[in-house]
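Here are my notes on the model you sent. Please read them with the coordinates open.

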Amino acid sequence: TGQAKQGSNDNSTLDDISLSSSIPLPVLYLGMDPKKTVSGAITNRIDTPVEGAKVTLKSGDVEYYGTADANGDYSIDVIKHSLDYTMSVSAEMYDTANENVSFAEGDVTKDVMLELLDGNYIVCGNLTYNGDPAQNYVVNMTQNGVNVGKATSDATGRYVFAPRSMSGDAWALIFNNDSGSDTENINLATAEHGIIVVDRILENVSGVSSISTDGITAYGAKG
C-alpha cells in the first residue's frame with residue numbers, strides 16, 4: 001500500500017527567520033507559523049484515487065514535492081509560505097494539471113482531478129445479480145482473444161480496470177457463468193473523457209446465493 005511522501009530543495013530552517021544577537025537568547029516567534037501545509041486528494045473522472053501521482057510546488061528556484069498515497073491523498077509542508085506557487089500534478093496515463101497556490105490565508109486544501117491523455121482509457125461498470133450488487137465477481141479483459149487483465153467488483157458491484165492505452169476494435173470483456181462465458185466487445189467510440197462504462201446483469205453464476213449488507217458475493221466467478 002502506497003504512502004504519501006514529500007520533500008523539497010528548500011534548505012530553510014527556523015534559523016533563517018530568527019534575529020541575530022551577540023548574546024545567545026531564546027528566540028520568541030510572535031504569531032509566526034514556521035510552516036504551512038497544502039494537502040488534498042488526487043482523483044480521476046470516476047473519482048478513484050490516482051496512487052503515485054507526483055505533486056510539485058514551484059516558485060522560482062524554490063520547490064517542494066509530494067506523492068499521493070493509495071487513497072490519492074497528499075500533504076506537503078512549506079516553510080517559505082510567503083511565496084505564491086504553481087502546483088503541478090502528474091501521473092502516468094494522465095495529462096498534467098496545474099493549479100495556483102497561495103498561503104495568504106493559511107493552510108490550503110487543494111483537490112485535483114486528472115484527465116486521461118488521448119488514447120488512454122478506463123473501463124468500468126456496475127454488476128448486479130437478481131437486482132442486487134454483485135461483489136467479488138471477476139471480469140476479464142482480452143485483446144485479440146488474449147487475456148490482458150482482470151478487475152474484481154467491490155461491495156457496490158462496481159469494477160474498474162486500471163488505465164491503459166487502447167486502440168482498434170480487438171478489445172472485449174469476458175463474463176463467466178455456469179454455462180461458459182459471455183463476451184462483450186469494448187467500443188472505444190462510446191468513451192467520454194476516456195471513460196468506457198459497461199454495466200452488466202449477471203445470470204447463471206454459481207456461488208451467488210447469500211445476500212448480506214455488503215451485497216452479493218459471487219464466489220463461483222471464474223478467472
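1. Basis. This is a predicted model, in which local features need pLDDT of at least 70 and side-chain atom pairs count only at pLDDT 80 or more, while totals for chains, interfaces and linings use all residues. Residues are numbered from 1 along each chain as its sequence is written, and side-chain values use heavy atoms, with hydrogens and water left out.

2. Salt bridge total. The structure has 5 salt bridges. The term means a side-chain nitrogen of Lys or Arg within 4 Å of a carboxyl oxygen of Asp or Glu.

3. K35 and D77. These two residues form a salt bridge, with the closest N and O atoms 3.9 Å apart. The pair links distant parts of the chain, 42 residues apart: K35 lies in the loop between β1 (5-8) and β2, and D77 in strand β5 (residues 73-78). Strands (E, at least two residues) are DSSP runs, numbered from the N terminus. K35 is partly exposed at 38% relative accessibility, and D77 is partly exposed at 27%. Here buried means under 20% relative accessible area, exposed over 50%, and partly exposed in between (1.4 Å probe, protein chains only).

4. R45 and E115. Their side chains meet in a salt bridge at 2.8 Å, N to O. This pair also links distant parts of the chain, 70 residues apart. R45 sits in the loop between β2 and β3 (54-59), E115 in the loop between β9 (112-113) and β10 (120-129). R45 is partly exposed at 38%. E115 is partly exposed at 25%.

5. D182 and R200. The salt bridge here is 3.2 Å, N to O. It runs from strand β17 to strand β19 (residues 200-201), and the partners are 18 residues apart. D182 counts as partly exposed because its relative accessible area is 34%. R200 counts as buried because its relative accessibility is 19%. Salt bridges with shared partners join D182, E184 and R200 into one network.

6. The β16–β17 hairpin. Strand β16 (residues 171-177) pairs with strand β17 (residues 180-185) in the antiparallel sense over 6 bridges. Pairing requires at least two DSSP bridges between the strands. A hairpin of 2 residues joins them. A172 has N185 in β17 as its bridge partner.

7. T37. Is T37 buried or exposed? T37 is buried, because its relative accessibility is 14%. T37 belongs to strand β2 (residues 36-43). Leaving aside neighbours within four places in sequence, T37 contacts (heavy atoms within 4.5 Å) S75, I76, D77, F103, D107 and V108.

How values were computed. Helices (H or I, at least four residues) and strands (E, at least two) are DSSP runs, numbered from the N terminus.
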